[in-house]
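Please look over the sequence and the structure shown here before reading on.

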Amino acid sequence: MRGEDIAARYLDLLEPWLTRRDALAGDVLDAGCGPGNVTDGVRSRFGRSVAGIDFSESMIDIAKGRYPECDFRRADVTALPYEDRRFALSYSFRTLQHVPELNSAVAELARVTRPGGRVIFDFVGMANPVGMARSLASAAPGFIYLRADRRRTISNACRSAGLVVDEWLTVQRFVDRANLEKYFGPLKALVGGLGAVIDSGLAIMPGGDRLALRSAVVARRPSE
Ligand SMILES: C[S@@+](CC[C@H](N)C(=O)[O-])C[C@H]1O[C@@H](n2cnc3c(N)ncnc32)[C@H](O)[C@@H]1O
């Protein structure tokens, strides 16, 4: 799936909080914006003022080059360079799975979000065999850190940050079962015995030929 198509999935997910008559008024934060496709979509599709941060210098350079109308800067999601309550909506997609300090990241997203605002982020659930396999393998040299979380872990991170979970969502992003070897080939080679675990996990996954890969949480910073 191309970057722009992935961005469209996430923009669909954000739409209710950005365009309804009672949409959240105020600025938006994209934490872990990567090349800025979703960030710019929030600006161009919803007409919102949006800031993007990413701790990769090269990603920020790409984002700035592609989308000069957005405000991008280099920063870590666990130490955001914004004052308290700066944004109406702070979101983070395909990023927190790479952050070992999940609680610090969620606390920072909550801190920069105003009371009544929302924090929305997606995560790799434990029921997802692709994510599970990748998280197991990520302990090995050469693999990027990737965590798979239970809902309870995500709930706890939200609660400690003072957020209230409003909704759990599935991100409508799919991988064809036929293409799964791309994910699993290197992992099966790396960890002996993992192949059988993966195959039995896949056998019980719903979704026919295509697997929905991600979960997301919508959390609210309570009004005071
Ligand atoms: C898969 S990309 C997702 C980019 C974008 N959100 C999207 O969905 O297209 C993950 C991004 O998270 C960034 N990232 C990872 N850990 C981070 C951290 N602690 N703080 C900020 N960005 C981080 C990486 O540099 C990378 O650009």
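## The ligand and its surroundings

A residue is near a molecule if its C-beta atom, placed from the backbone, lies within 6 Å of it. By that rule 17 residues surround the ligand, and the closest are G32, G34, S56, V77 and T95. The shell divides into seven nonpolar, seven polar and three charged residues, where Ala, Val, Leu, Ile, Met, Phe, Trp, Tyr, Cys and Pro count as nonpolar, Asp, Glu, Lys and Arg as charged, and the others, Gly among them, as polar.

This is a predicted model, in which local features need pLDDT of at least 70 and side-chain atom pairs count only at pLDDT 80 or more, while totals for chains, interfaces and linings use all residues. Residues are numbered from 1 along each chain as its sequence is written.

## Overall make-up

The secondary structure of the protein comes to eight helices and seven strands; helices (H or I, at least four residues) and strands (E, at least two) are DSSP runs, numbered from the N terminus. Of the 224 residues in the protein, 38% are buried, a residue being buried if 20 or more other C-beta atoms lie within 10 Å of its own, exposed if 12 or fewer, and partly exposed in between, with C-beta atoms placed from the backbone.

Two residues are in contact if their C-beta atoms, placed from the backbone, lie within 7 Å. Among contacts between residues at least 6 apart in sequence, 71% join residues at least 24 apart.

## Strands and crossovers

Strand β4 (87-92) is largely enclosed by the rest of the structure, because six of its six residues are buried. Two strands pair if DSSP finds at least two bridges between them, and β4 pairs in the parallel sense with strand β1 (residues 28-31) over three bridges and with strand β5 (residues 113-123) over five bridges. V28 stands opposite L89 in β4, while F87 has T113 in β5 as its bridge partner.

Strands β2 (residues 50-54) and β3 (residues 71-74) also run parallel, joined by four bridges, and A51 has D71 in β3 as its bridge partner. A crossover is right-handed if, with the strands pointing away from the viewer, the path from the first strand over the helix to the second runs clockwise. One right-handed β-α-β unit is made by β2, helix α3 (residues 57-66) and β3, and another by β4, α4 and β5.

## The nonpolar core

A nonpolar core is a set of buried Ala, Val, Leu, Ile, Met, Phe, Trp, Tyr and Cys residues joined through C-beta atoms within 7 Å. The largest such core has 48 residues, and those with the most contacts inside it are V106, I120, F121 and C158. Helix α4 (residues 102-111) gives the most to this core, with five residues. Leaving aside neighbours within four places in sequence, F121 is in contact with residues including Y91, F93, L96 and V217.

R85 lies in the loop between β3 and β4, and R94 in the loop between β4 and α4. Neither is a glycine, yet R85 has a positive phi of about 60° and R94 one of about 55°. R85 counts as partly exposed because it has 15 C-beta neighbours inside 10 Å, and R94 counts as partly exposed because it has 18.

R147 is found in the loop between α5 (129-137) and α6 (151-160), and is partly exposed, with 17 other C-beta atoms within 10 Å. R147 and P100 are 47 residues apart in sequence and 7.6 Å apart in space, C-alpha to C-alpha. Beyond its neighbours within four places in sequence, R147 is in contact with Q97, V124 and S135.
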